[in-house]
Amino acid sequence: MFEIKRKTSVSEVRFDPAPSKVAYLANRIWLKKSSRRSFFIMILISIVLFVLIGLSNRSNFSLLIKKNTEKISQYVELSPIFKVVNLSVISEDPNVIEKISSTLALNFPISSLDIDVEVLRLKVESIDLVESASVRLTSNGLVEVDVNIRKPVAIQRLGTRLMLIDARGVKVDEVLSRSQRLDLPLLVGKGAEKCVDEALHLLLEIKDLLSRVRGLVRVGERRWDVILNRSQVILLPEKNPLNAIRKIISLQEGQKILDRNISYLDFRNINRPVLGLSEETSKELKEIRSLVRGENV
Amino acid sequence: MIEPLYKVQRKLTRRRLNAVNKGLIGLIDIGSSKIVCFILQFTPDIKVSSELTEGASLPKNVAFRVVGVATTRSRGVNFGEIETMDEAQKAIRTVVQAAQKMAGVLLEDVLVSFSGGQPRSYGICGTTKLADEEVTELDIGNALMNSDIPDYGANREVIHALPVNFSIDDRTGLIDPRGHRGSELTVDLHLMTVDQSVIHNIIQAIKSCHLDLAGLSFAPYLSGISSLTEDEINLGSACVDLGAGISGVTIFLKKQMIYGGGVRMGGRHITKDISKAFSVSFDVAERIKNLHGGLISTSRDDRDLIEVDSHNQDKITISRSELIGVIRPRVEEILEDVHEQLNVAGFSNLHNNKKVTLTGGTSQLPGLFELANKILDCPVRVGKPIRVQGLPHATNGPDFAAAVGLALHAGHPQDECWDFQVPFSRLGFKKINGIMKWFVENW
């Protein structure tokens, strides 16, 4: 017993396997090697053209990108994660704090994305008072500035201006009058700021006489003069002024030399110190000598 | 107005040779049941294995390979002729595109074979005096030109004009007369004509598929080339190509086709008979025929019941012997017509060398061999085409005999009269019986 079933009903629309005229022609064209090649060449050319057109419109294009990215970046920048609300300066000196905040001049709140820490650090370090600084952003929305303040060790007088300088001779601040910082020694003369260290050492050696020192004068950018009250001047040598000072101090301790009526002590040549008397004293000395020797000078 | 075919045949030959030199040619066999497209690649380097050539008449010097094969159910074709142009074009487009896809190449030149057009065969004789006693190609051309044209009718076209025999003075049966000496050269020409409109339709269909026609051939002739063995072609044999719409008849002798004709009946008529007899649809009838068809009924066939859907959706049951009872008369009719045609062609004059080879799709009917033996009254065999390199096994059956023959023909075609130097202008008319008789008497 065999069974044969009818495969399709009459109403069913049969699929026509024949290609349409256009499809057939397209297939034949595609099979042609030359047309296939030219098709790829055309694609290549169109890509190149597209790129060229794109490049020529580049400014517009980038503007468009900028416009859109600005919106996005604004949205991101203003998000609370990146918000910076305040400045904190680690320092006890209110003067310093005020100076730094006025220098940085940050308009809070700002986005942390806009802050360049390095730039801020350079800005802070440009302040005279600050020797070095470190700036960082903290997670709770603060700009933290840690500063290393310069310490003034001396006052330098330039013309009529009085400067506070640190040990390296860098200007720290300016004062209006000497009396504001009586605790600091006064340095005068061209090039004095370059040898602050030496000057300080000299003053340390002077010890007891310190109360009498009015200031140090740099002479010809090579040696120091120590100015004492009562118009006394000590001229120190170029080389090894400390030795000279020690010698003077020992003379002072032994013979109270500086208590006497002299106008200067010339120690420029340490082997041949010169003692200068004041005019009055030298006259007196002459009189005494003539009295003692009976000579008429 | 399209030019007469014989005037453009030289052009077609040139195109075919160019295509073969380029190494690529397409073959389209327009049949009533299916349209086949082969793409052949000619490569002089291919070494044809001895296994393939054994016992087969593979043309020498030309090695080819089938690189693309496609078949489709034929549409708009009836009796081997294009009936509906649009449908036929669609079918051709389908096969061409599928074959192109398989081969991956663009098909440009095609050889076309068809079986319709009511072919008629004429045997013609042409004679020329030899000028310098040695036969040259020009002499052959002259002889061909001197032959009398038969009055084959205004609306018919010559499709084959094969010089089948040459004789010089009283020597005959020469295959190649060139270089022979003598005083008179006679050429026997086998002329085949078909209906003009059929040819024009085919040319039109091929043209509208953007293909270049490189040759037109008669399908039963090609079936004979592919299905007959060399001995059969040489010693004389008939080939009956039992197609769907047409049963082509060809007779071969001395390596030449000497007769071509056809019976306008085929496998499709059998299917129609089944469809009518059991009132089933055509598709179902075709399926019954292919699966259960036969010609010799035995007592067992009464009990072989086949259940089929009929037109009105009811299942009907038919026995196999009933089916055979429907198929057999039609096949007998076809074979009787074939026998008659062979007789008219003088096939019976071949005496004890009569042999018939059956090919074509319908030749696969079981029992055909016995029936044909009885009706044709001569030794019969069912022939399959020879194997061709690259051809899938499924397309190597007897139903592809014409297509395979076309492949063989493409590489190694028979000389036609227009391949000679002088184009023929006039041809005489003679009955085919005359040339047959002449052959038999002189051979």
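**Exercise 1. How are α4(A) and α5(A) oriented to each other: roughly parallel or oblique?**

Before you start: this is a predicted model, in which local features need pLDDT of at least 70 and side-chain atom pairs count only at pLDDT 80 or more, while totals for chains, interfaces and linings use all residues. Residues are numbered from 1 along each chain as its sequence is written, with chains lettered from A and ligands numbered from 1 in the order in which they are written.

*Solution.* 
- Step 1: find the helices, which are DSSP runs of H or I with at least four residues, just as strands are E runs of at least two, numbered from the N terminus. Here α4 covers residues 94-104 of chain A and α5 residues 117-125 of chain A.
- Step 2: get the geometry. The two axes come within 10 Å and cross at roughly 130 degrees; axes are lines fitted to C-alpha atoms, for helices over the stretch in contact, with angles running from 0 to 180 degrees between N-to-C directions.
- Step 3: classify. Under 35 degrees counts as roughly parallel, over 145 as roughly antiparallel, 65 to 115 as roughly perpendicular, and the rest as oblique. So α4(A) and α5(A) are oblique to each other.
- Step 4: α4(A) passes α5(A) in a right-handed crossing, where right-handed means the near helix is turned clockwise from the far one by less than a right angle, and left-handed means anticlockwise.
- Step 5: pick out the residues in contact (C-beta atoms, placed from the backbone, within 7 Å). A:Ile100, A:Thr103 and A:Leu104 of α4(A) meet A:Leu120, A:Lys123 and A:Val124 of α5(A).
- Step 6: sort them by class. Ala, Val, Leu, Ile, Met, Phe, Trp, Tyr, Cys and Pro are nonpolar, Asp, Glu, Lys and Arg are charged, and the others, Gly among them, are polar. That gives four nonpolar, one polar and one charged.

**Exercise 2. Work through the packing of α6(A) on α7(A) in the same way.**

*Solution.* 
- Step 1: α6 spans residues 196-206 of chain A and α7 residues 241-255 of chain A; they pack at about 20 degrees with their axes 9 Å apart.
- Step 2: that angle makes α6(A) roughly parallel to α7(A).
- Step 3: the crossing is right-handed.
- Step 4: α6(A) brings A:His201, A:Leu202, A:Glu205 and A:Ile206, and α7(A) answers with A:Pro241, A:Leu242, A:Ile245, A:Arg246 and A:Ile249.
- Step 5: the class count for this contact is six nonpolar, one polar and two charged.

**Exercise 3. Which element gives the largest share of the side of chain B that touches chain A?**

*Solution.* 
- Step 1: size up the interface: 21 residues of chain B are in contact with 16 residues of chain A.
- Step 2: list the elements of chain B giving two or more residues: α3, α9 (282-292) and β15 (305-309).
- Step 3: α3(B) comes out with the largest share, six residues.
- Step 4: by class, this side of chain B has eight nonpolar, seven polar and six charged residues.
- Step 5: check the complex scores: ipTM is 0.77 and pTM is 0.62.

**Exercise 4. Is B:Arg303 buried or exposed?**

*Solution.* 
- Step 1: locate B:Arg303 in the loop between α9 and β15 of chain B.
- Step 2: know the cut-offs: buried takes 20 or more other C-beta atoms (placed from the backbone) within 10 Å of a residue's own, exposed takes 12 or fewer, and partly exposed lies in between.
- Step 3: B:Arg303 has 10 C-beta neighbours inside 10 Å, so B:Arg303 counts as exposed.
- Step 4: look across to B:Arg320, 17 residues apart along the chain; the two C-alpha atoms are separated by 7.7 Å.

Technical notes. Two residues are in contact if their C-beta atoms, placed from the backbone, lie within 7 Å.
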